[in-house]
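User: I would like to learn how to read a structure like this one. Please take me through it feature by feature.

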Amino acid sequence: MTFEIFFLLIQDAVGTGAIYVLMALGIVLIFNVTRVIFVSYGDLVAYSALTLGSFELQRMPGTVWLVLTLAGLAFLVEAASLYRRNQMQLIPKAFLYWGIIPAIPVALTFLVGAQNLSLPVSILLTIALVLPLGPLLYRIVFQPIATAPVLVLLMVAVALHFAIAGLALLYFGPEGFRTEAFVRGDVMIGNFGIPEQLILIVGAAAVFSAILFLFFQYTLAGKALRATAVNREGARLVGIWTTRAGALAFFLAAGIAAVAGILISPTTTIYYDTGLIVGLKGFVGSVVGGFVSYPLAAVGAIIIGLIESFGSFYSSALKEAIVFAAIIPIVLWRWLYVSAHDADENEDE
């Protein structure tokens, strides 16, 4: 391997790793607050990329129909819950939260149409359409079983993937989408050129991660989410509405997925069922952080990017197997770390 090839592989690893970092942060965020291992998280990334691709082809994105479908289901679930609790007077408020507000980006999309939209407008509409998917899925699927064991939540999340991917096939069709590069050209450092697209991806991932850090560190809502992640019952005792915390966690994670989907759309062709593979790579990165530590999850995502890049160079046919096989030593390392930690605690006692 020459130094030039090594440099190109590092570039590719940094670009894909930056996207996996965002996905790992979203998966850790959801698990910390709700205990849901959201393996179908990649489907939201796929919906984001497919939506932006549809706008580029001047088509109405199928996401509008998914949002309307989920909004209708979420309102019916909430109305049924209020009826069982004899709180019928709250149904108009539920219709506003679960029916009207999620439909606003859909109305904006129909208002501006899908013809000749500029790239910034397309990106903003894509984010606005993907954002409601998180809390709507949480209200319909996970909130009614919030107290179920983690294994049950995992099985439901896996089943949810097939439902979402099936709807993506219905709404977008079997063809793949790959958008044009947002920027073109290279930034020269000596004899080596770094693509401006790569700089944009890494910069956007870094800025978004910094915004997420500031949100958790300095905002009341962020501190409420951290409190819920540390102790769900304790958070409820001090007045934090953990149900709303779960919906907020899914809302933020959907925003992260929207950004990740936009960043990945020019780099690879996204199909209706690509989300599972992409999401599982973010999932492997999350395992490094034990689904608890955001920095370790980010490091794990970068490692996955490196493994994928160098694995595809040595054996492109086996690159996916190499990436997912990497989870074995990671799990063993986490098991040894947890076992040693538990042994230390027992000695202290």
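Analyst: Start with burial. Buried means under 20% relative accessible area, exposed over 50%, and partly exposed in between, with a 1.4 Å probe and protein chains only. Here, 46% of the 349 residues count as buried. This is a predicted model: local features need pLDDT of at least 70, side-chain atom pairs count only at pLDDT 80 or more, and totals for chains, interfaces and linings use all residues. Residues are numbered from 1 along each chain as its sequence is written, and side-chain values use heavy atoms, with hydrogens and water left out.

User: Does the radius of gyration agree or disagree with a compact globule?

Analyst: The radius is taken over C-alpha atoms, and the globule rule is 2.2 Å times the number of residues to the power 0.38. For 349 residues a compact globule would have a radius near 20 Å; the protein has 21 Å, so the two agree. Its C-alpha atoms fill a box of roughly 70 × 70 × 35 Å along the principal axes.

User: How many helices and strands does the protein have?

Analyst: Helices (H or I, at least four residues) and strands (E, at least two) are DSSP runs, numbered from the N terminus. This protein has 15 helices and 2 strands.

User: At what angle do α1 and α12 cross?

Analyst: Axes are lines fitted to C-alpha atoms, for helices over the stretch in contact, and angles run from 0 to 180 degrees between N-to-C directions. The axes of α1 (residues 3–34) and α12 (residues 275–288) cross at roughly 70° and come within 8 Å. That makes α1 roughly perpendicular to α12. Angles under 35 degrees count as roughly parallel, over 145 as roughly antiparallel, 65 to 115 as roughly perpendicular and the rest as oblique.

User: Which residues in α1 and α12 meet?

Analyst: Contact means heavy atoms within 4.5 Å. From α1 come Y20, M23, A24, I27 and V28; from α12 come V278, G279, K281, G282, F283, G285 and S286.

User: Is Q197 buried or exposed?

Analyst: Q197 is buried, because its relative accessible area is 12%. It sits in helix α8 (residues 196–218). Leaving out residues up to four places away in sequence, Q197 touches A181, F182, V183 and P266.

User: And where is R184 found?

Analyst: R184 is in the loop between α7 (150–172) and β1 (186–189). R184 is exposed, with a relative accessible area of 59%. R184 and Q197 are 13 residues apart in sequence and 6.5 Å apart in space, C-alpha to C-alpha.
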